[in-house]
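Please read the points alongside the structure.

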Amino acid sequence: MPEELKIIWILAIGFGIACAFGFIAQRLKLSPILGYLLAGYIIGPNFPGFVADPAMSEQLANIGVTLLMFAVGLNFNWKDLSAVKQLALPGAMILSALSITAGLLYSMYLGESAQAGLVIGLAICVSSTVVIVRVLADQHLLHTRQGHIVVGWTIVEDLISVLGLILLPAFVLPAGLNTSPVASVIYSIALVLLKMAALGFIIYFIGEKLIDKLLKCIARTRSHELFTLAILSCVFLIAVGSSAIFGVSLALGAFIAGTVVGKTDMSHQAAANALPMRDAFAVIFFLSVGMLFNPIAVGNNLPLFFGILTILLILRPLAAFTIIKLANYPNTVAFTVALAIGQIGEYSFILAEEGSQLGILPENAYDILVACAFISIALNPLLFQLFKPLTIKRWKQKGSQEKSPAQSQTLKALYEEEEALESFMPKVVVIGYGPMGQMAANYLLGKNYNVTVIDQNIDTISALKESKIEAIFGDASQFQILERANLEKVRLLVITTPDFQVTQSIIQAAKQTNPFVKIIARSHFKSDLHHDRFGDIPIVCDEEASAEKMVNLIKSQLDHLNKDALS
């Protein structure tokens with residue numbers, strides 16, 4: 001295979017097989033992730049036939065992880081983590097400690113060293129955020145209350161894994177001539193805390209304002225390509241910079257970038273632009289996991305393989321379920337978290353690779369961890385599908401005597417408060433905030449309608465938000481932007497943009513989102529009114545309105561001239 005075509009072959013063969021197997025899995029009512037993993041195994045070095053370049057596949061997979069975690073950060077609200085800190089923080093820490101202990105003790109039982117057991121324990125104490133996000137999205141749980149709790153839980157796990165990765169050399173390397181192991185660990189912990197504090201200060205106190213000004217400057221150009229390029233630049237610069245300078249993973253750096261961009265007025269358009277690339281490259285992540293699966297290594301290390309799988313699929317879920325129930329949370333939260341954390345992924349590979357480079361992991365241990373990741377990731381969507389009724393029951397409150405103090409301060413209470421304040425006024429979306437859009441929005445606001453404005457002028461959006469008017473920056477012809485406006489709950493959609501092609505795209509996207517929404521549109525030319533795609537949608541035509549106004553003015557002037565002639 002020519003060197004310059006390796007990436008093309010990976011994309012052509014990998015995407016083709018992944019699409020085929022993903023389609024089969026979807027038809028069997030299974031998660032497409034299963035198809036992607038199997039496709040990865042087929043193009044990997046442990047299966048005869050075409051073999052993709054593992055190094056290039058891993059780099060492409062890192063792009064997918066970065067974009068996926070950026071999208072998660074865009075939609076992540078720190079209030080969610082703050083609201084569940086009484087559960088997520090101690091729960092994730094306790095579960096991680098139990099997982100590390102179980103991995104350490106079992107490895108020592110098999111005759112391995114304590115250092116090797118520590119690496120294995122660290123590798124199995126953190127779930128794959130990529131897998132969790134995809135599975136929760138497939139099960140329509142990502143944006144539910146329990147889904148937000150799971151995301152908060154996994155963020156804490158990710159931070160623990162980063163801490164473990166940085167501290168690992170201090171635990172496993174022999175002490176220097178003038179330093180003790182304890183001093184080395186204390187030094188590493190202090191260094192980690194200093195790096196985290198510096199990263200937080202730079203990103204949230206300096207970078208946040210800088211990125212907001214940069215994106216606004218780019219948004220004023222009205223260039224879709226430049227805005228997409230600016231978003232990608234911010235994502236990868238923050239992710240790579242955080243990883244290189246502060247030692248955090250690319251995934252965590254991308255998540256931080258997402259939370260920063262998510263606070264800007266351009267967050268919705270940023271999500272819409274990154275979504276297509278995110279989905280494509282995220283598939284490569286699952287392909288890369290499948291490529292690393294080695295059945296021969298499993299056969300040579302069955303005790304370690306089955307022991308780690310038992311911890312992942314039984315002990316960790318049971319421990320998580322017990323922790324959450326002891327905190328008096330509903331069964332829906334307990335089952336969702338227990339099922340979500342029953343797998344390992346990208347962080348485990350990084351920790352295992354670090355252990356291998358330090359020379360302390362047993363032979364083929366990296367292959368065993370990869371095999372456990374392959375099996376647990378493959379089983380995770382199946383388990384969610386099997387136990388789905390246990391994760392989608394509604395939150396119930398049979399009486400005030402059942403409401404515990406823990407629950408009253410959780411995400412449930414936060415959502416109930418927000419729902420109580422939600423407006424019951426009829427919702428209308430106005431697209432475009434030029435003179436016509438302003439008049440339409442002001443009239444509707446005067447009639448006590450709940451109005452959301454969508455416009456591509458960032459200064460207009462910022463001014464509207466300062467006036468406490470709900471506004472979204474973005475291209476309304478993109479499905480994701482209309483989805484952000486909750487179009488499924490909208491009664492009336494008013495399109496004030498005059499361009500015929502843009503209006504067509506907006507109407508098509510709106511009908512896909514909400515087939516029953518009433519639409520009033522605008523067209524510049526009279527010839528556009530006869531287009532079939534408009535159907536029975538009422539159209540305000542600029543040419544007709546101008547012509548009618550012109551005729552009225554002519555009549556007025558003629559009447560005035562006639563009166564002067566008679567006098």
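1. Isoleucine 431 stands opposite isoleucine 495 in strand S4 (residues 492–495). S4 and strand S1 (residues 427–431) pair in the parallel sense over four bridges; two strands count as paired if DSSP finds at least two bridges between them. Helices (H or I, at least four residues) and strands (E, at least two) are DSSP runs, numbered from the N terminus.

2. This is a predicted model in which local features need pLDDT of at least 70 and side-chain atom pairs count only at pLDDT 80 or more, while totals for chains, interfaces and linings use all residues. Residues are numbered from 1 along each chain as its sequence is written, and side-chain values use heavy atoms, with hydrogens and water left out.

3. S1 is also joined to strand S2 (residues 450–455), by five bridges and in parallel. Valine 428 has valine 451 of S2 as its bridge partner.

4. Helix H14 (residues 302–326) packs on helix H17 (residues 365–386) at about 40 degrees, with axes 10 Å apart; axes are lines fitted to C-alpha atoms over the stretch in contact, and angles run from 0 to 180 degrees between N-to-C directions. The contact (heavy atoms within 4.5 Å) involves residues including Leu304 and Phe305 of H14 and Ile368 and Leu369 of H17.
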